[in-house]
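Please look at the sequence and the 3D structure shown below, and keep both in view while you read. The paragraphs that follow lead you through them step by step.

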Amino acid sequence: MRSITSIVSLAFAVMAGTVVADTIHYPSKANALFTLEVPDDWEQSKEKDDNGVFSYSFTGPTGAFLFIKATDVKSKNDVEEAIANSVADTRAGLKENYKEYEYQNPVPDKDNPDIYAGAGGGINKEDGKPYGIANVFIPFGKDKLVEIYTESQVDDKKGADQATEIIKSVKPVTPATP
């Protein structure tokens, strides 16, 4: 039979391996379009741009970064324009912050052609380390396009894995019926 000490030690070991997550409601709990689960050791900030669009930025303890926002779209043309604008911003950021960078424009996912993903990376000008980046675009309902951008050092498996889990945690919120 195990002693109380070994049972308590086992319980703490299990809890130490468990990452507690915060549930984020985008853009707010009262008007949530979707939720996502973010480890509670990731720093977060919420901003609102001049057009009233909210965005969240998250930075993990390893330096991995994730940005998410939802844009209004009314047509396929709006979706293409939103993706093109994001790609232009991504390329400008790569040019400004990276040397020897490359970027593959977003293409439809083979399993779900409504979802687009692009990827790239380069050598960070500030710390000289290689980073990988990715953009993912997910249509939500008939009039929203969710944009997700991630960035992490190439050898930061923990940060990249956590960012991937955050992306996988995105779930639509079904409005309550009165």
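A residue is called buried when its relative accessible area is under 20%, exposed when that value is over 50%, and partly exposed in between (1.4 Å probe, protein chains only). Helices (H or I, at least four residues) and strands (E, at least two) are DSSP runs, numbered from the N terminus. With these terms in hand, strand β2, residues 34-39, can be described as mostly covered, since five of its six residues are buried.

This is a predicted model, in which local features need pLDDT of at least 70 and side-chain atom pairs count only at pLDDT 80 or more, while totals for chains, interfaces and linings use all residues. Residues are numbered from 1 along each chain as its sequence is written, and side-chain values use heavy atoms, with hydrogens and water left out. The predictor's confidence in each residue, pLDDT, runs from 0 to 100; its mean over the chain is 86, but over residues 1-18 it stays under 50.

Two strands pair if DSSP finds at least two bridges between them. Strand β2 pairs with β1 (residues 21-26) in the antiparallel sense over six bridges, and two bridges join β2 to β10 (residues 171-172), also antiparallel. Thr35 of β2 stands opposite His25 and opposite Lys171 in β10.

A nonpolar core is a set of buried Ala, Val, Leu, Ile, Met, Phe, Trp, Tyr and Cys residues joined through side-chain atoms within 4.5 Å. The largest one here has 21 residues, and Phe34, Leu36, Phe58 and Ile68 have the most contacts inside it.

How values were computed. Contact = heavy atoms within 4.5 Å.
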